[in-house]
Amino acid sequence: MNPVDPFKDYATISGASRQDAWIPGGSGLYDRMASDGLVYTFPPTAFIGAGPLALLGTIDFRYYQLTGRAPDWSEPNPVMFGGGLPAWTSNSSLGPAPERPTVGSPRPSAGDALPTDQGRAGESPASPIVPRSVADIVAPDGVLPGDLVSGSPGGRNMPASPDPNAAALAYVEALFQDNPPLFVRPIDPVSGAFYAQLSDGSFVTYRPAGVSSERTPSDVASVDINGPEIKERNGDKALKLKFPRMRGQ
Amino acid sequence: MQISQNIRGWIQDNLRFMSVDDGSCALFIGGRIEGVDRCSAALWQLGVDNIYSCLRSGLILVHNYAGCTDEASFLKAIRTFSPFRSEGGLLWNGTLLYGSDLLLSLSERYGLSDPRYAKELNADFMNEIERRFEAAGVPWSDAPLLALTPAPGEA
């Protein structure tokens, strides 16, 4: 391990589990290239939790913790992690990472079409996941989940549960299984709120209970889904799913 | 000048939402406005102006900034980064807005808080809103209040 690797203390994180479902070939290693052009490689021990959301969120959070700045990953697309590529560890002390073979598409640039028109960034023979549109996952046949919140044009109440945060995160993880995010980034690294952009241009925003405004009860977590297709199915509004705590819990 | 009917209905919907819930900035680039395309610069401009006028007149408040640090940088950012592109994702989806007590009281006074509320235009409510925009120095007009200044590639 490089002694000045900004991720050198990842080995101290325990409770890790492999996320081979995200790694074609099951290399057990995860690469991300930061905006500085350097590629960072993470072993499974760097991650907490069992789902792809936890994996991606942890990468970003660890980056923030260790460097003091929010990550600005450019590529690769998460679905391309380890896609038949040699694994390496790199940071500034090692010099620039070697030029990488084709690894998905670069981040949107000036000439790109709007996200609604973007193709799937990770399409390649190495990519094992064919994402469904977020609208088809969330509202199959046009049927939205949960119950309409009175007075809230975009809001819907999901079933109450003993742990609203866990219920909301489980919902997001399930969503990501069918449509892996291009990136997951913290809104606020302290609260745990984050947002993600999916390959169809949609945004998913998670806010744990207690971090929203006084208009949201403090025991309600929320998941916002904002994209052209879901808006079409929700009266042209972004969909806001509310996950309340079960009474008496 | 009076706000056109289709824009009035859209602003009313946005404000009603804010009076019963909180929402990201992206709420203000949702909704259907006759003659305005989805994902268009025109809708982006309307969203910016509606956020700006509501903030200035004390109808909405910012619960948390995302991708910026204060109101000045926020107002600059929403003019610069498109809500329809990746670069604006954090700003438009992470920044949380909510209705002020003033908005709640107006909503109750004019019957918008009634659970049976339908989407009909409430002329009295919107006349009040227009008066408040004018009093706050942000009267609605055909010209943008805060003209977009798109970053390269964001137009």
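A:A238 counts as buried because 26 C-beta neighbours lie inside 10 Å; a residue is termed buried if 20 or more other C-beta atoms, placed from the backbone, lie within 10 Å of its own, exposed if 12 or fewer, and partly exposed in between. The model is predicted: local features need pLDDT of at least 70 and side-chain atom pairs count only at pLDDT 80 or more, whereas totals for chains, interfaces and linings use all residues. Residues are numbered from 1 along each chain as its sequence is written, with chains lettered from A and ligands numbered from 1 in the order in which they are written.

A:A238 is located in the loop between helix 4 and strand 9 of chain A, where helices (H or I, at least four residues) and strands (E, at least two) are DSSP runs numbered from the N terminus. The C-alpha atom of A:A238 is separated by 5.9 Å from that of A:I225, although the two residues are 13 apart along the chain.

Chain A contains four helices and nine strands, arranged along the sequence as β-β-α-α-β-β-α-β-β-β-β-α-β. Of its 249 residues, 45% are buried. Among contacts in chain A between residues at least 6 apart in sequence, 66% join residues at least 24 apart; two residues are in contact if their C-beta atoms, placed from the backbone, lie within 7 Å.

An open sheet of seven strands in chain A has the order 3-4-9-8-7-6-5, with mixed pairing; strands pair if DSSP finds at least two bridges between them. Strand 3 (147–148) and strand 5 of chain A stand at the edges with a single partner strand each, so one side of each is left without a neighbour in the sheet. Helix 3 (residues 164–178) of chain A packs on the sheet and touches strand 5, strand 7, strand 8 and strand 9 of chain A. The direction of helix 3 of chain A makes about 25 degrees with that of strand 8 of chain A; axes are lines fitted to C-alpha atoms, for helices over the stretch in contact, and angles run from 0 to 180 degrees between N-to-C directions.

Strand 9 of chain A is mostly covered, with five of its six residues buried. Strand 9 (residues 239–244) of chain A pairs with strand 8 of chain A in the antiparallel sense over six bridges, and A:D224 stands opposite A:K240. Strand 4 (residues 155–157) of chain A runs parallel to strand 9 of chain A and is joined to it by three bridges. A:L241 in strand 9 of chain A stands opposite A:R156 and also opposite A:V223.

In chain B, three strands form an open sheet in the order 1-3-2 with antiparallel pairing. Strand 1 (22–24) and strand 2 of chain B stand at the edges, each with a single partner strand, so one side of each is left without a neighbour in the sheet. The twist averages 35 degrees from one strand to the next. Three bridges pair strand 1 of chain B with strand 3 (residues 96–99) of chain B in the antiparallel sense, and B:D22 stands opposite B:Y98 in strand 3 of chain B. Helix 1 of chain B packs on this sheet, touching strand 1, strand 2 and strand 3 of chain B, and its direction makes about 90 degrees with that of strand 3 of chain B.

The axes of helix 1 (residues 5–20) and helix 6 (residues 123–135) of chain B come within 10 Å and cross at roughly 85 degrees. The two helices of chain B are therefore roughly perpendicular, a term that covers angles of 65 to 115 degrees. B:R8, B:I11, B:Q12 and B:L15 of helix 1 of chain B make the contact with B:F125, B:M126 and B:I129 of helix 6 of chain B.

Helix 3 (residues 71–80) of chain B has B:F74, B:A77, B:I78 and B:R79 buried. The cover over the buried residues of helix 3 of chain B includes helix 2 (41–56), strand 2 (60–64) and helix 4 (89–94) of chain B. In the largest nonpolar core, which has 75 residues, A:A168, A:V172, A:V204, B:C25 and B:L91 touch the most other members; a nonpolar core is a set of buried Ala, Val, Leu, Ile, Met, Phe, Trp, Tyr and Cys residues joined through C-beta atoms within 7 Å. Apart from neighbours within four places in sequence, B:C25 is in contact with B:I51, B:I78, B:L91, B:W92, B:T95 and B:L97.

Conventions
Parallel < 35°, antiparallel > 145°, perpendicular 65-115°, else oblique.
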